[in-house]
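Colleague: I would like to learn how to read a model of this kind, one feature at a time, with the general idea before the case.

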Amino acid sequence: MAFEYFHFMSLIGVAFFAISGTLLGHEKNIGGFGVVVVGSVTALGGGTLRDILLNQPVFWIAEPDYLYATYGAIFIAVVFIRHLPHVSNYYMLLVDVLGMAIFNIVGIEKSLIEGTTMIVAITMGMTTGIFGGLMRDVICREIPLVMREELYSTACLSGGLTYAALFLLGVSYIWCILGSLFITVFLRLGALHWGWQPNIFRKRTVKNK
Amino acid sequence: MAFEYFHFMSLIGVAFFAISGTLLGHEKNIGGFGVVVVGSVTALGGGTLRDILLNQPVFWIAEPDYLYATYGAIFIAVVFIRHLPHVSNYYMLLVDVLGMAIFNIVGIEKSLIEGTTMIVAITMGMTTGIFGGLMRDVICREIPLVMREELYSTACLSGGLTYAALFLLGVSYIWCILGSLFITVFLRLGALHWGWQPNIFRKRTVKNK
Amino acid sequence: MAFEYFHFMSLIGVAFFAISGTLLGHEKNIGGFGVVVVGSVTALGGGTLRDILLNQPVFWIAEPDYLYATYGAIFIAVVFIRHLPHVSNYYMLLVDVLGMAIFNIVGIEKSLIEGTTMIVAITMGMTTGIFGGLMRDVICREIPLVMREELYSTACLSGGLTYAALFLLGVSYIWCILGSLFITVFLRLGALHWGWQPNIFRKRTVKNK
């Protein structure tokens with residue numbers, strides 16, 4: 001059963017990231033199949049890096065389901081964009097939030113299954129959640145969300161720590177997932193809507209350049 | 001015999017990409033051995049990612065021939081640039097076109113040899129053809145060709161689909177290669193010379209930013 | 001004994017690069033845990049790529065020591081920055097110089113241990129030394145040092161060639177390391193302090209853009 005959850009969540013995460021890549025690609029007026037490239041890289045980048053690091057077969061080569069989910073999500077996004085009057089950056093951030101929250105958990109779990117320690121698993125969760133979006137932003141020459149959004153990586157880490165805490169407390173599987181999802185999404189939506197900014201690690205001598 | 005073709009085509013592709021990286025590096029006034037770094041990354045990046053994804057030994061570590069081809073092509077490019085009065089961006093695009101067309105095929109073939117399905121193979125061909133040039137553009141802070149050139153990824157995909165179609169029709173090996181090469185080169189040169197632009201995936205509400 | 005050296009040097013190199021990433025992250029006003037992300041990528045990027053290319057287990061997954069060193073160094077850097085009145089770019093370059101010189105050697109050694117030829121080993125040393133810093137610059141949207149600094153990659157290559165020459169001459173292990181370190185650091189500090197610029201590979205028709 002655990003495996004089915006895992007598979008299902010990965011598919012959803014892949015689809016969300018594919019959409020976020022497609023939206024940013026459109027926003028940047030990338031022509032032709034360039035949006036498909038950006039969408040695919042965003043959807044598959046984080047998980048690919050995770051599998052390579054863990055020395056596992058790359059997920060979308062082992063199971064082509066993920067490729068179908070990616071291309072399907074991109075296709076749907078493209079169709080909808082053509083009929084939407086106005087695609088704001090907001091939708092892109094929203095799917096990115098959901099994709100990151102899910103990939104974070106998937107990364108931690110896959111890492112724990114491979115027998116790594118918890119600190120490696122949390123690092124792997126962040127890698128999976130952040131890397132796809134980072135490549136999307138680099139390819140599109142957008143300021144990476146890691147730099148732009150104050151709570152981006154903090155939310156990812158908090159989600160990971162929540163999972164770890166619940167996991168070590170022996171809470172059942174489904175609540176680990178829900179708890180982690182809630183924390184990550186809550187923090188990032190909070191930052192988006194109410195402008196939350198963590199004031200840690202801030203320089204004393206502020207300079208705004 | 002198939003292997004010899006494969007080896008030979010890979011060497012040619014590596015050399016073309018090495019030259020394209022060197023030309024862009026010069027264009028951007030990168031000093032010292034920086035051009036060698038950019039040239040190497042461009043030449044080896046796509047194939048390296050392909051081999052890592054396929055969980056194969058990385059080609060330039062397994063067979064140092066490719067390193068010699070890379071460094072040799074960079075050296076020749078450097079010597080020629082010193083004696084050319086004017087190196088236009090055009091030459092860079094030309095070698096990039098040829099390199100991409102070849103790497104696309106090499107990527108598809110290597111993937112099929114490893115027993116992947118055709119959809120994975122076509123994705124792998126695009127990865128091999130696009131990734132090296134993408135890293136070149138990112139390092140040199142150039143707008144990636146994926147974004148700039150309308151027909152870039154479309155041509156790569158079309159070449160891959162052509163290969164797949166001919167392959168599935170049972171056409172002999174050499175014609176699969178020639179057909180795919182022709183389509184990719186034809187589409188990209190058409191875009192370069194006559195400004196072809198595919199009008200698919202375009203937003204209704206056009207904004208030129 | 002060789003292994004202990006190797007382990008110790010890797011830890012020092014990781015710490016230096018972690019600090020350089022943290023410093024640049026702060027310089028660029030990255031908020032929250034974003035600096036931790038940049039610091040980690042800088043510290044672990046080069047070695048991770050090296051291990052993936054060599055098809056070895058990734059070093060920070062196999063031995064979590066490296067993760068502790070990374071996070072520890074980032075934490076110390078963050079604490080110090082809060083109490084330093086002015087963090088100039090100079091410190092960032094200094095730790096980058098030391099990190100690169102060390103990682104270059106570590107990359108060559110690990111590659112030779114895996115039985116590669118010397119030309120592959122030198123390429124691997126440059127990969128290890130350059131890639132982490134390159135990812136740092138790309139994420140922070142800084143002009144990569146490979147492009148900015150004339151002697152950057154030249155120094156790395158010279159250090160590698162020095163190691164290779166001493167190694168082939170049968171000089172004892174510790175002197176290979178010290179010789180290589182000296183050459184790399186000397187060349188880059190020379191470039192920083194006295195503006196050394198190699199005039200190789202320069203175009204005849206100079207244009208300063």
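Colleague: Let us begin with a single side chain: is C:Thr42 buried or exposed?

Modeller: The general idea is a relative accessible area, found with a 1.4 Å probe on the protein chains only, where under 20% is buried, over 50% is exposed and anything in between is partly exposed. C:Thr42 counts as buried because its relative accessibility is 0%. Before going further, please keep in mind that this is a predicted model, in which local features need pLDDT of at least 70 and side-chain atom pairs count only at pLDDT 80 or more, while totals for chains, interfaces and linings use all residues. Residues are numbered from 1 along each chain as its sequence is written, chains are lettered from A and ligands numbered from 1 in the order in which they are written, and side-chain values use heavy atoms, with hydrogens and water left out.

Colleague: Where does C:Thr42 lie, and which residues is C:Thr42 in contact with?

Modeller: Helices here are DSSP runs of H or I of at least four residues, strands are E runs of at least two, and both are numbered from the N terminus; C:Thr42 sits in helix H2 of chain C. Contact means heavy atoms within 4.5 Å, and once neighbours within four places in sequence are set aside, C:Thr42 meets C:Phe17, C:Ser20, C:Gly21, C:Gly132, C:Gly133 and C:Arg136. Its side chain also comes to 2.6 Å from the backbone oxygen of C:Val38.

Colleague: What would a partly exposed residue look like?

Modeller: C:Leu181, in helix H9 (residues 173-194) of chain C, is classed as partly exposed because its relative accessible area is 23%. Beyond its neighbours within four places in sequence, C:Leu181 still has contacts with C:Ala101, C:Ile102 and C:Ile105, and its C-alpha atom is 9.2 Å from that of C:Gly160, 21 residues apart along the chain.

Colleague: How should I read a salt bridge, and how many are counted over all chains?

Modeller: Side chains of opposite charge can pair when their charged atoms come close. The rule asks for a side-chain nitrogen of Lys or Arg within 4 Å of a carboxyl oxygen of Asp or Glu, and over all chains the count is 18. One of them joins A:Lys110 to A:Asp51, with the closest N and O atoms 3.0 Å apart; the pair links distant parts of the chain, since A:Lys110 belongs to helix H5 (residues 89-113) and A:Asp51 to helix H2 (residues 34-53) of chain A, 59 residues apart. A:Asp51 counts as buried at 0% relative accessibility, and A:Lys110 is also buried, at 13%.

Colleague: What does B:Asp51 pair with in chain B?

Modeller: B:Asp51 forms a salt bridge with B:Arg50, at 3.0 Å between the closest N and O atoms, and another with B:Lys110, likewise at 3.0 Å from N to O. Elsewhere, in chain A, a network of salt bridges links A:Asp96, A:Arg136, A:Asp137 and A:Arg188.

Colleague: How do I read the interface of chain C with chain A, and how many salt bridges are counted there?

Modeller: Buried area is the accessible area (1.4 Å probe) that two parts lose on being put together, summed over both; for chain C and chain A this is about 3000 Å², with 66% on carbon and sulfur atoms. On the side of chain C, C:Phe33, C:Arg82 and C:Arg141 lose the most area, together 22% of what that side buries. There are zero salt bridges between the two chains, but five residue pairs are in polar contact, both at pLDDT 80 or more. A polar contact is a pair of N or O atoms within 3.5 Å; within protein, one must be able to donate a hydrogen and the other to accept it, and residues adjacent in sequence count only if both atoms are side-chain atoms.

Colleague: Which element gives the largest share of the side of chain C that touches chain A?

Modeller: That is H4(C), with seven residues. By class, this side has 20 nonpolar, eight polar and four charged residues, where Ala, Val, Leu, Ile, Met, Phe, Trp, Tyr, Cys and Pro are nonpolar, Asp, Glu, Lys and Arg are charged, and the others, Gly among them, are polar.

Colleague: Finally, how many residues does the largest nonpolar core have?

Modeller: Such a core is a set of buried Ala, Val, Leu, Ile, Met, Phe, Trp, Tyr and Cys residues joined through side-chain atoms within 4.5 Å, and the largest has 186 residues, with A:Trp60, B:Leu53 and C:Trp60 among those with the most contacts inside it. H6(C) gives the most to this core, twelve residues. Not counting residues up to four places away in sequence, A:Trp60 touches residues of chain A, including A:Leu44 and A:Tyr66, and residues of chain B, including B:Leu53 and B:Met124.
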